[in-house]
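Student: I would like to go through this model by question and answer. Shall we start with the helices and then turn to side-chain contacts?

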Amino acid sequence: MTGLIGERESALGQGLAGLKVAVVAGTQSGNALMVAELVAKRLCGVAGARVELLPEGCEIDRALSEADVLVACVASHGEGDLPDEFLVAYCGLEARAPDLSHLRYGLIGLGDRTYSTFCGGAWKFDRLLQRLCARRAGEVCEIDASSQPFPDEEALLWLSGWLEEV
């Protein structure tokens, strides 16, 4: 590793040079925020990328309108629901419905496979972003709390592959 990012990731992430990257967390217990912070820190090591970790509960529509790339880390709770704080931001984004056709995004979902609505919150956010014409890059990273006690490791592994897709 060199600095915050490995040489391979740095080379792959050069497609982010000069772009504004937003990282957002939808968290109930804090795990999605922890993952978002680690992802943002790792992306800060990409040469030329301007990375912003969006505060919870902010009006994300304005930030997403100004961003080129988004990485969303969204947990589920209850029966596949969005986290309480994130639900406010989600509803605001849905109500204002900005055109996000310029935005590429990656999605990390945190959930528990013992529930039939595994990663339901992340998939709800994915559907909203697609309705707003944002374009998902790569596959969704689904992290299962019942079998993966360290969501940061799986998320950072996914990020390395995702950088190839952006």
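Student: Which residues of α2 are buried?

Tutor: First, the ground rules. This is a predicted model: local features need pLDDT of at least 70, side-chain atom pairs count only at pLDDT 80 or more, and totals for chains, interfaces and linings use all residues. Residues are numbered from 1 along each chain as its sequence is written, and side-chain values use heavy atoms, with hydrogens and water left out. Buried means under 20% relative accessible area, exposed over 50%, partly exposed in between (1.4 Å probe, protein chains only). In α2 the buried residues are A32, V35, A36, V39, A40, R42 and L43.

Student: How far apart are the end C-alpha atoms of helix α2?

Tutor: Helices (H or I, at least four residues) and strands (E, at least two) are DSSP runs, numbered from the N terminus. The expected span is 1.5 Å times one less than the number of residues. For the 14 residues of α2 (residues 31-44) that gives 20 Å. The model agrees, with end C-alpha atoms apart by 20 Å.

Student: Which geometry do F86 and F125 show as an aromatic pair?

Tutor: Rings of Phe, Tyr and Trp (its six-membered ring) pair if their centres lie within 6.5 Å; planes under 30 degrees apart count as stacked, over 60 as edge-to-face and the rest as tilted. The structure holds 3 such pairs. F86 and F125 are 5.0 Å apart centre to centre, with 75° between the planes, so by the cut-offs the pair is edge-to-face.

Student: Where in the chain do F86 and F125 lie?

Tutor: F86 is buried at 3% relative accessible area, and F125 is buried at 0%. Their pair links distant parts of the chain, 39 residues apart. F86 is in helix α4 (residues 84-96) and F125 in helix α5 (residues 120-131).

Student: Which residue forms a salt bridge with E94?

Tutor: A salt bridge is a side-chain nitrogen of Lys or Arg within 4 Å of a carboxyl oxygen of Asp or Glu. The partly exposed E94 has 36% relative accessible area. E94 is in helix α4 and its partner in helix α5, so the bridge ties together parts 37 residues apart in sequence. The closest N and O atoms are 3.1 Å apart, and the partner is R131.

Student: Which residue meets D144 in a salt bridge?

Tutor: D144 is buried, at 8% relative accessibility. The pair ties strand β6 to the loop between β4 and α5, parts 31 residues apart in sequence. The N to O distance is 3.9 Å, and the partner is R113.

Student: How many disulfides does the structure hold?

Tutor: A disulfide is a pair of cysteine sulfur atoms within 2.5 Å. The sulfur of C119 is 8.3 Å from the closest cysteine sulfur, in C141, so it is too far for a bond. C119 is buried at 1% relative accessibility. Searching the whole structure gives a count of 0.
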